[in-house]
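Morning, everyone. Please have a look at the structure on the screen, and then I'll walk you through one part.

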Amino acid sequence: MSLISDAPALAACGAPSFAPRTKVRSAQPSWGVDQILAEIQRIAQIPLAEATTLPAQAYTSQEFFDWEVDNLFRNDWLPLAHASQIPAAGDFLNIDMLGEPLIVVRGKENRVRVLSRICPHRAMDIMPEGFGYGGHGLGDAKQGEPGCGHTRLFMCPYHAWTFELDGRLKGSPEMQHSTGFQRDSWGLKEFKCEVWNGLVFVNLDGTAEPLRERLEGLSEVLAPWNIGEMKMAIQMEWDCPFNWKVLMENFMESYHHIGAHAKTLQPMMPARDTWNEEERPGYIRAHLPVKPSKRDEMQAAEGCGEFVHGLPLIASLPADARYEWNLFCIYPLVLVSANPDRVIFYRMQPLGPDRLRLLTTTLVPASTTQHPDWPAMLERETGRLRDFHLEDMEVCTAVQRGFYGAGYQRGRLSYLEMSVWLIQRYLAARACDTWPAMDTPAAPSQRPSLS
Ligand code: FES
Ligand SMILES: [Fe+2]
C-alpha cells in the first residue's frame, strides 16, 4: 500500500507541556457508580440559583468512567474528523477512539466510511504505529497530525491480506485449502457513520438514532457558516491530564473570563454579558457578545479595511453573528465555537477518568486561505490560539488535582455557569434513561435584560 503525503494543508502544532502529570491518591471517599449517579440525579433537580458542583468522584472514578463509556459514548455519535481531511477517494485517517482502532476513509463512490483496523484474520492492526503509518493518538511520530494518507487498497502487514476501500476482502494468499472459506464473509468491520455539517461521526455499538434529526435546529443555526465547505487551517493536539467533563464545563461557561482570561477575552467579551439559550436535548448554546464600546471601535476599524477578529469576516453571516462568539456543546464529545471569522471545533477522545486526548481544529472559508496575507495570518492566529487555549489548559489541570484533595468542597454555581448545570441535567437524563427527552420542565434561557 502506498502512503502519499497529500493531506490537506494544515498547521499542526504539538501542545507544549503545561503541567506535570502527577498521580495522586485520592483523599476522597470511594463511591460506587450507583452512589455517583444518585447524587447527579439529585442535584440535576435543583434550580440553577441553588446549583452545586458534581461530586469529585464523577471526575476521578475508573468505575464511573467505564459507565460513561458504555452509557454515554459507545451508544452515541462520536466525532472523528472533518470531511475536508479526506477530500479525494482513497484518502484516509487512522484514529483510535475509546481504544477502538478505526479508519475514516473516502471510498471510490465518494462515500465516507468508518472501518475497523482490526484484521479479520488474526486480529492484527492493519496499519499499526511504527510500521510507517504515522500515529493514531498520543505519542504520534508527527504530533498533531493523525496517521493519514492515500491508498487504492489496504494491506495487513502480517499475512498480506488486502482490502478494498469499502472494507471488502480482496486478496487472501494461500487460503485455498481452508474449507468453506469465502472472501465475501471476511471484510473489515464497518461502523455506523454520519457526516453532519462536514463533521464525521461514528456510532460504535450501532444503536444510535440518526444524528441529523436530533440536530435539525442546530443545522439551521450553523447554516450561515457553511461548515461543510470550510477548510482545515490549524490543528493542535493536546494531552490533557483531566476529565473530559472538566473541559466541557470550562469551554461552555464564560464566567471564567473574569479570571483565567482577564487579559485576553474579558476586555472584549466580559463574562457578565455572556448568556445561555434554553435547555435542549441535543446541544447547549451560549452567546459571548462583544461589549458595545469595543463593537463601535471594531466597526470603525472595519471601515478602514482591518480584520478586527484576526481573519477576514465570513461574508454570509447575519448581522447579529458578526460581533459575538457562539459556543455549542454537542453531546457527548463535540465542542464548537462559531466565530465571525472562523469555526473552532474540539474533538474529545477520553482515555480515562483523568486523561483526555483533545484535537482542536480551526476551520476557515476557502477564500480566507486564498488571501495574499494568509501565511502571516496563519502564523499569528496559531500563536494566539495556543496562548489563550493554554490559559484554559492550566486551569483545567489544576481543577482535576483539586478533586483528589481532602480540601475539596462541593462548590456553588453562579448564574453565569448555566452550562455547567445543563451538563449535569444531561448526565442525569442519561442515567435514568429519559434522554433525549427532559424528565422535568426544560430550563429557560438566561438572557440578561438588555435595558
Ligand atoms: S492478521 Fe492480517 S493477514 Fe493475518
Ligand atoms: Fe476559557
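I'll talk about a metal site and the helix packing beside it in sequence.

This is a predicted model: local features need pLDDT of at least 70, side-chain atom pairs count only at pLDDT 80 or more, and totals for chains, interfaces and linings use all residues. Residues are numbered from 1 along each chain as written, chains are lettered from A and ligands numbered from 1 in written order, and side-chain values use heavy atoms, without hydrogens and water.

Start with the metal. Which residues coordinate the iron ion (ligand 2)? H256 and H261 do, each through NE2, and D392 gives two OD donors, at 2.0 to 2.6 Å. Donors are N, O and S atoms within 2.8 Å of the metal (3.2 Å for Na, K and Ca); water is not among the atoms, so sites may look incomplete. The donor spacing in sequence is H-x4-H-x130-D. H261 sits in the loop between α6 and β13 (275–276), while D392 lies in helix α9, 131 residues apart. Helices here are DSSP runs of H or I, at least four residues, and strands are runs of E, at least two, numbered from the N terminus.

Now the helices. The axes of α6 (residues 244–252) and α9 (residues 374–402) come within 10 Å and cross at roughly 135°. Axes are lines fitted to C-alpha atoms, for helices over the stretch in contact, with angles from 0 to 180 degrees between N-to-C directions. α6 and α9 are therefore oblique to each other. Oblique is what remains after under 35 degrees (roughly parallel), over 145 (roughly antiparallel) and 65 to 115 (roughly perpendicular).

α6 also packs with α10 (residues 418–431), at about 140°, axes 8 Å apart. That makes α6 oblique to α10 too.
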